Amino acid sequence: MRLAIAVLAAAALAGCSDGPLSEQEKEVKAEVGRHFAELNAQAAARAQEAKLTKSDIDLPATALVLNRYDWDLNGAIYPDVECSNAACKAKLGTLASIGVELRCPACGQELMTELTRVGKSLPMFDLRSGTGLPVVVIVRYVRKSYAYDLTSAVLVSSKTESVISTKAFTDPENRGKGGYYANGLYRVTGTAIGTTGFVYRGRELHEIDPESVKKMTQDPPETVSVSSMKLGRWGGIEKPLMPWLGKPPTEAPAKETPKTP
Ligand SMILES: [Zn+2]
């Protein structure tokens, strides 16, 4: 058995200097993770720059808008989800999960098991090259864009104010003394589902052009040869991800019985 594996590995090695398929697959998984970790690290560095500024006029322009990415090797995108609980059936739209459980926001029903069973999941790591080389993957991810909110304004109830006063932080009199400028906060301004693809060659990821990715991910998918792909720094095909806004009213609400004192 061990000999057989060694022979296979040698055969694969002879055909390609990048190493055997199993090794390359492992590397691609790590590289895709690193790709998103690097993008998130850039965002974190910019957020840190914003945090370190003493005054809002010193905020670097690059820190005002940033992107954070959700990607997981075991994550998936679920298009057109309808809650599997017969009593609920909420139409939830597209959902994404980075490997953690997914629940219906309306009734709490666990959704992933059923969605995976009926094949309504699009993996975030989608190997397309089978046993061939080079390794080709389709990668799906979630991009959240954040805008810096200088005021970091939040409503404080009079009750809270009476217990912990925010006056020291909000009174313009305190401006410049370190109390007024609260360093802002990042608010989510948009969420998108992205699809891209990579070819692994020379121990590096090369992004596939959007036109080829579109063909590879359409229904039914088209096979695109590596030689006809245009590899470069393209960026993914992105679609806005709409948040679930609750169930639409299906019938007139029941008339409230007047309360008797
Ligand atoms: Zn539900």
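User: What pLDDT does the protein average?
Analyst: This is a predicted model, and pLDDT gives the predictor's confidence in each residue, from 0 to 100. Of the residues, 82% score at least 70. The average for the protein is a pLDDT of 85.

User: Which element gives the largest share of the largest nonpolar core?
Analyst: This core has 30 residues. Val137, Val139 and Phe198 have the most contacts inside it. Elements giving two or more residues include α2 (21–52), β6 (135–149) and β7 (185–201). The largest share, seven residues, comes from β6.

User: Which residues does Val137 touch, leaving out those up to four places away in sequence?
Analyst: Val137 is among the residues with the most contacts inside the core. Two of its contacts, Val28 and Val32, are buried residues of α2.

User: How far apart are the end C-alpha atoms of α2?
Analyst: α2 has 32 residues. At 1.5 Å a residue, α2 should span 46 Å. The model agrees: the end C-alpha atoms are 46 Å apart.

User: Why is one side of β3 and of β4 left without a neighbour in the sheet?
Analyst: Three strands form an open sheet with antiparallel pairing, in the order β3-β2-β4. Two bridges join β2 to β4, and Ala76 has Pro123 as its bridge partner. One side of β3 and of β4 (122–123) lacks a neighbour because each stands at an edge, with a single partner strand.

User: Which residue takes a positive phi in the hairpin of β7 and β8?
Analyst: β7 and β8 run antiparallel, joined by four bridges. Tyr200 pairs with Leu205 in β8. Two residues lie between the strands, and the one with a phi near 60° is Gly202.

User: Which residue of β9 stands opposite Glu207?
Analyst: β8 is also joined to β9 (residues 231–232), by two bridges. These strands run antiparallel. Opposite Glu207 stands Gly232.

How values were computed
Residues numbered from 1 in each chain as written. Predicted model: local features only at pLDDT ≥ 70, side-chain atom pairs only at ≥ 80, totals over all residues. Core = buried A, V, L, I, M, F, W, Y, C linked by C-beta atoms within 7 Å. Buried ≥ 20, exposed ≤ 12 C-beta atoms within 10 Å, placed from the backbone. Contact = placed C-beta atoms within 7 Å. Pairing = 2+ DSSP bridges. Expected span 1.5 Å × (residues − 1).
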